[in-house]
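Me: I would like to learn how to read the features of a structure one at a time. Please give the general idea and then the case at hand.

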Amino acid sequence: MIPRDVTLARVGGVPVRLHVSWLVVAVAVVWSLSTTMDLPDGPVVRWTAAVAGAIGFFASILAHEVGHAIAARRRGHHVHAVTLFVFGGVTEIDDDARRWQDEFAIAAVGPWVSLNLAALLGLVTAGLDWYQLLPTVATVLGMLGWLNLALALFNLVPGAPLDGGRVLRALLWPVLGSRRRASRVAAAMGILVGIGLWALAGLFAVTQQGALLSALWLTLVAAFIVAIAFGQWRAARPAAATADTSRDPTAATGDDVTTDRAAGRGVVVGRWVRSGLSVALVVLALLVVPMPLIEESPGPTFDVGPTIELSGDTTPLDGEFVMLTVFVRQPGIAEVVRARFSEGRTLRPIGEVVAPDQGTRDFFSEQGELFATSFEQAAAAALEAAGEDVVVDEDVVVAHVLPDGPAADVLRAGDVLVEADGSPVGSAEDLAARTATMEAGTSLPLVVRRDDREVDLDVVVGELPGGERVGLGVTVGMQLGDLGLPREVTQGDLRIGGPSAGLVTALTIYDRVAEEDLLAGRTIAVTGTMGVDGTVGAIGGIDEKVEGAVASGAELLLVPLAQVAEFEAASDGRVPVIGVATLDGAISALRGT
């Protein structure tokens with residue numbers, strides 16, 4: 001059986017324990033820091049710094065709680081343990097403060113420690129930056145400084161069970177004449193704080209793109225605060241005979257001590273914690289369950305030029321070719337609500353985008369492959385338009401094999417036909433012409449490429465259904481094969497999918513290679529697919545891409561000719577639109593504008 005708490009050490013005689021739930025935070029913090037810290041030194045340094053940052057965060061929370069423990073012991077209280085768990089830390093004190101001054105000091109010292117740590121880390125970071133020393137260390141320490149400041153400010157929020165709630169209780173104790181009454185007010189404030197955090201989490205989920213995980217975590221924190229605050233509010237209700245009979249602020253009744261002690265134990269194992277977390281988990285499940293929809297919204301726009309590297313002689317770009325993108329995802333309930341009430345966001349049934357036999361993960365993976373293929377074809381078209389030699393190979397591929405045909409047990413769909421009877425197979429017509437002159441029962445040696453290796457096969461030509469001709473009983477088609485480019489052309493990892501960036505890629509490469517200036521100092525937004533033969537194809541997400549073009553400040557928008565009317569309607573005069581059918585047509589259009 002795995003223990004719930006593990007004792008790590010003793011600080012001043014107080015056990016420091018680690019609840020197993022802290023492992024969730026440790027993993028989340030390491031992953032978050034590894035993806036957010038600005039560290040250009042590579043993955044090893046990045047992950048090492050992330051682990052060091054997580055350890056520093058762990059130590060910061062520990063220092064915060066040890067501050068509570070030391071303050072409590074100095075005032076004659078017995079500290080049972082300091083325990084770190086998924087929502088931070090708790091200092092377990094066996095008896096409650098007997099004076100409001102003690103309550104205030106014990107509660108306030110935690111945020112005070114965090115504020116001092118934030119100041120110290122800030123000074124060290126500033127010193128390292130000033131002398132340009134240890135930039136990676138400075139980044140980690142600076143991040144820890146901000147985390148300690150956030151820890152202090154959040155804990156000072158005036159609502160139980162946060163430190164600010166205990167400070168509020170201490171200040172209200174002499175005013176209301178009763179610790180119990182002050183506890184009720186602090187607990188009520190805690191409930192309001194939790195409800196406010198719930199509302200804030202919902203606002204983030206609905207209005208902030210990419211903030212769902214933060215909203216989910218905030219929801220859990222809100223559930224925890226509400227559960228504990230409500231438990232303390234119930235525990236501080238007036239009891240029968242031992243209820244508050246004295247208005248002496250320095251003399252709490254036995255009932256006050258007993259009920260608050262019970263509420264303190266509830267921080268770790270109380271039933272309200274379990275109930276609150278259960279509710280939070282249900283809410284989380286509802287938020288993260290993907291809906292059978294696809295959401296499309298305007299994606300980021302950026303200058304393509306700096307993302308493409310070309311070998312050989314090139315000319316600089318005088319202006320910007322802007323790539324337009326559409327942000328596509330399968331939304332949860334929160335995203336669906338946001339899309340319903342937001343302009344520029346479109347919801348489509350998932351069946352209109354993803355094939356019935358294809359999962360969304362496979363769909364997005366396929367889009368990434370399409371982007372890579374489109375880039376290569378656009379590079380080939382651009383270099384050929386610039387007068388450079390490009391070798392284009394096309395493969396003859398088996399598309400379908402008749403179940404009862406001559407090649408049923410030999411060929412497979414997807415096989416690339418390389419040779420037939422010792423000669424290269426150049427086209428589907430070439431293969432059909434060869435088999436048409438052969439007699440039924442004749443063996444035809446084939447070389448096919450299957451699973452990235454060449455295989456020798458023998459197929460016996462036979463009569464095809466209907467008995468009027470002979471053949472292999474296969475349907476073949478042409479598939480673009482290897483492209484021989486005269487230059488090395490690469491693009492950075494943009495994490496973009498789909499083929500609609502083909503035209504903007506081709507124009508960018510052409511402008512850098514050819515001895516002419518198409519941009520002429522302008523910002524031009526471009527969208528459209530690009531075939532290896534220079535043809536421009538249609539794209540989706542017209543409304544979203546028009547919004548992106550307008551937001552980028554583009555002076556001109558180049559689009560597929562077949563969709564120019566739709567783009568003009570969506571643009572409504574906000575940006576001039578030009579339709580083109582080929583790469584040569586796009587080049588001519590930019591020359592003439």
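Me: In which hand does H3 pass H5?

Reply: This is a predicted model, and in it the crossing of H3 with H5 is left-handed.

Me: What is used to describe two packed helices?

Reply: The description of a packed pair takes the angle between the two axes and the distance between those axes. Here helix H3, residues 100–130, packs against helix H5, residues 163–176, at about 160 degrees, and the axes are 8 Å apart. H3 is therefore roughly antiparallel to H5, since an angle over 145 degrees counts as such.

Me: Which residues of H3 and H5 meet?

Reply: On the H3 side they include Trp100, Phe104, Ile106 and Pro111. H5 contributes, among them, Val167, Leu171, Trp173 and Pro174. By class, the contact of H3 with H5 holds 11 nonpolar, 1 polar and 4 charged residues.

Me: At what angle do H13 and H16 pack?

Reply: The angle is about 60 degrees, with 11 Å between the axes of H13 and helix H16 (residues 583–591). H13 and H16 are therefore oblique to each other. H13 passes H16 in a right-handed crossing. Leu503, Ala506, Leu507 and Tyr510 of H13 meet Leu583, Ala586, Ile587, Leu590 and Arg591 of H16. Of the residues in this contact, 8 are nonpolar, none is polar and 1 is charged.

Me: Where is Val513, and is Val513 buried or exposed?

Reply: Val513 belongs to helix H13, which covers residues 502–513. Its relative accessibility is 13%, so Val513 counts as buried; the cut-off for buried is under 20%.

Me: What does Val513 touch, leaving out residues up to four places away in sequence?

Reply: Val513 has contacts with Leu310, Leu383, Ala386, Glu388 and Arg487. As for spacing, Val513 and Gly387 are 126 residues apart in sequence, while their C-alpha atoms are 9.5 Å apart in space.

Me: What share of the contacts in the chain joins residues at least 24 apart, among those at least 6 apart in sequence?

Reply: The share is 69%. The chain has 593 residues, of which 45% are buried, and its secondary structure comprises 16 helices and 24 strands.

Me: What should I expect of phi and of the peptide bonds?

Reply: Most residues other than glycine have a negative phi, and most peptide bonds are trans. In this model, Asp421 has a positive phi, near 55 degrees. Asp421 sits in the loop between strand S12 (416–420) and strand S13 (423–424). With 55% relative accessibility, Asp421 counts as exposed.

Asp452 also has a positive phi, near 65 degrees, and lies in the loop between strand S14 (443–450) and strand S15 (453–460). Asp452 counts as exposed because its relative accessibility is 80%.

Me: Which residues does the cis peptide bond join?

Reply: The cis bond is between Ala160 and Pro161, with omega about 5 degrees. Pro161 is in the loop between helix H4 (135–155) and H5.

Me: How should low pLDDT be read?

Reply: Where pLDDT is low, the predicted coordinates should not be read in detail. The chain averages a pLDDT of 79, and 83% of its residues score at least 70. Over residues 240–279 the pLDDT is below 50, and this stretch has 59 contacts in the model beyond near neighbours in sequence.

Key:
Residues are numbered from 1 along each chain as its sequence is written. This is a predicted model: local features need pLDDT of at least 70, side-chain atom pairs count only at pLDDT 80 or more; totals for chains, interfaces and linings use all residues. Side-chain values use heavy atoms; hydrogens and water are left out. Helices (H or I, at least four residues) and strands (E, at least two) are DSSP runs, numbered from the N terminus. Buried means under 20% relative accessible area, exposed over 50%, partly exposed in between (1.4 Å probe, protein chains only). Contact means heavy atoms within 4.5 Å. pLDDT is the predictor's confidence in each residue, from 0 to 100. Axes are lines fitted to C-alpha atoms, for helices over the stretch in contact, and angles run from 0 to 180 degrees between N-to-C directions. Angles under 35 degrees count as roughly parallel, over 145 as roughly antiparallel, 65 to 115 as roughly perpendicular and the rest as oblique. A crossing is left-handed if the near helix is turned anticlockwise from the far one by less than a right angle, and right-handed if clockwise. Ala, Val, Leu, Ile, Met, Phe, Trp, Tyr, Cys and Pro count as nonpolar, Asp, Glu, Lys and Arg as charged, and the others, Gly among them, as polar.
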